[in-house]
Amino acid sequence: MILVGRYASPFVRRVAVTLQWVGMKYEHKVLSTAKDAEAIKQYNPMAKVPVLLMNNGEHLIESAAIIETVLEMSPGQRLLPASGDARRHILQHCAIMTNTLDKAVQAIYEPVKRPAEKVHEPFLEGLRGQMHAGLVMLEAFAARGDLPGDANATLADLTVAVGWRFLNKTAPTVAQIKDFPLLAAHSARCEAMPAFLACQPEA
Ligand SMILES: N[C@@H](CCC(=O)N[C@@H](CS)C(=O)NCC(=O)O)C(=O)O
């Protein structure tokens with residue numbers, strides 16, 4: 001299997017950390033959406049990452065769908081139960097973080113993709129508000145003990161920790177340690193674990 005995309009993308013990285021966590025071997029093809037869009041198109045005509053190139057020739061896109069497949073191929077995995085309340089809660093926690101990350105990526109693209117005079121500050125402010133709201137929800141889940149961030153970690157731990165690191169770097173005025181101390185501590189714990197250490201975001 002080959003994972004296409006940079007670990008600097010939180011969507012690619014959450015797939016990579018999941019693969020590492022369940023011990024599934026893969027190669028990493030480091031392609032950037034900014035610089036290598038044409039090369040990425042041969043794997044995903046929409047030029048988005050992550051893409052997982054399966055050994056049977058299929059190309060999977062969308063981190064949630066990729067992870068679902070990886071976990072299905074990992075008998076005995078404990079990141080996501082097969083059914084029940086715990087599964088639903090874990091998927092919701094992941095969804096809150098991936099929605100927050102979508103807003104962060106939009107905020108990064110706004111000044112990059114538009115001429116300076118067309119960048120709309122109220123839109124960016126709205127995105128920052130949405131990111132903040134997502135983090136407030138996740139901090140509350142951390143306070144409730146939903147994110148162990150240890151050997152009993154779930155897919156929510158992996159996604160939230162990867163997401164926090166990305167947000168703290170790319171949206172530092174929103175993802176401030178003083179406002180979200182539990183998420184910051186949780187991320188630090190997770191980042192010290194082998195599955196995370198194995199997939200360091202590129203500079
Ligand atoms: N919902 C997607 C989001 C993936 C995503 O936004 N990837 C970004 C990189 S961080 C990308 O490919 N951007 C290029 C583009 O949208 O044109 C997922 O979970 O895989």
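How many residues of domain 1 are in contact with how many residues of domain 2? Before the answer, note that this is a predicted model, where local features need pLDDT of at least 70, side-chain atom pairs count only at pLDDT 80 or more, and totals for chains, interfaces and linings use all residues. Residues are numbered from 1 along each chain as its sequence is written.

**View 1. Where domain 1 meets domain 2.** Nine residues of domain 1 touch nine of domain 2, a contact being two C-beta atoms, placed from the backbone, within 7 Å. On the domain 1 side, α1 brings the largest share, eight residues. That side has five nonpolar, two polar and two charged residues (Ala, Val, Leu, Ile, Met, Phe, Trp, Tyr, Cys and Pro count as nonpolar; Asp, Glu, Lys and Arg as charged; the others, Gly among them, as polar). Domain 1 spans 2-72 and domain 2 spans 85-197, with bounds from an automatic or database domain assignment.

**View 2. The two faces of helix α3.** Helices here are DSSP runs of H or I, at least four residues, and strands are runs of E, at least two, numbered from the N terminus. In α3 (residues 63-72), S63, I66, I67 and V70 are buried. They sit on the same side of α3 because they cover an arc of only 95° around the axis, judged by the directions from the helix axis to the C-beta atoms. A65 and E72, on the face turned away, are exposed. (Buried means 20 or more other C-beta atoms within 10 Å of a residue's own, exposed 12 or fewer, partly exposed in between; C-beta atoms are placed from the backbone.)
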